[in-house]
Amino acid sequence: MHVVKNKELTEKLSERLGWTIQEVNDMLATFTTVAAGRLVEGDTLVLPGFGQFETKRKMERISVNPVNKKRYLVPPKLVPVFKPGSTVKAKLKEINPHE
């Protein structure tokens, strides 16, 4: 498995779009800001074929510290959730798990 770093991603996008690295970085920064803002507002962000980003509310719960066995209350929070789209699912099915 290969972890794609930001530099590698921007280089690939730059090649495919014919943009400069700086233009790609600016676009990705703008996209991240806009997408995060929409998620904070409670909206669902749908990228057709790629997937859907949304936030889910986790309810408050009681947890136990395994070291000292003390119980404590974990407050409610919003967590990001990604659901892959049809294109991503199809690409993942093509992968041989033994590679």
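Which residues does Ser14 touch, not counting residues up to four places away in sequence? The views below come from a predicted model.

**View 1. Ser14 and the residues around it.** Ser14 touches Trp19, Thr20, Ile21 and Val24, when residues up to four places away in sequence are left out. Ser14 itself sits in helix H1, which covers residues 6-17.

**View 2. Ser14 and its cover.** The relative accessible area of Ser14 is 11%. Ser14 therefore counts as buried, since the cut-off for that word is under 20%. Across the protein chain, 13% of the 99 residues count as buried.

**View 3. The order of helices and strands.** Three helices and five strands make up the secondary structure of the protein chain. Along the sequence, they follow the pattern α-α-β-β-β-β-β-α. The radius of gyration of the protein chain is 19 Å, whereas the globule rule gives 13 Å for 99 residues, so the chain is more spread out than a compact globule. The C-alpha trace spans about 55 × 40 × 25 Å along its principal axes.

**View 4. Contacts along the chain.** Among contacts in the protein chain with a separation of 6 or more, 29% join residues 24 or more positions apart.

View 5. The protein chain exposes about 8500 Å². Carbon and sulfur atoms supply 59% of that area.

Notes: Residues numbered from 1 in each chain as written. Predicted model: local features only at pLDDT ≥ 70, side-chain atom pairs only at ≥ 80, totals over all residues. Heavy atoms only, no water. Helix = DSSP H or I, 4+ residues; strand = E, 2+ residues; numbered from the N terminus. Rg over C-alpha atoms; globule rule 2.2 N^0.38 Å. Buried < 20%, exposed > 50% of the residue type's maximum accessible area, 1.4 Å probe, protein only. Contact = heavy atoms within 4.5 Å. Areas by Shrake-Rupley, 256 points an atom, 1.4 Å probe, with all protein chains shown as cover.
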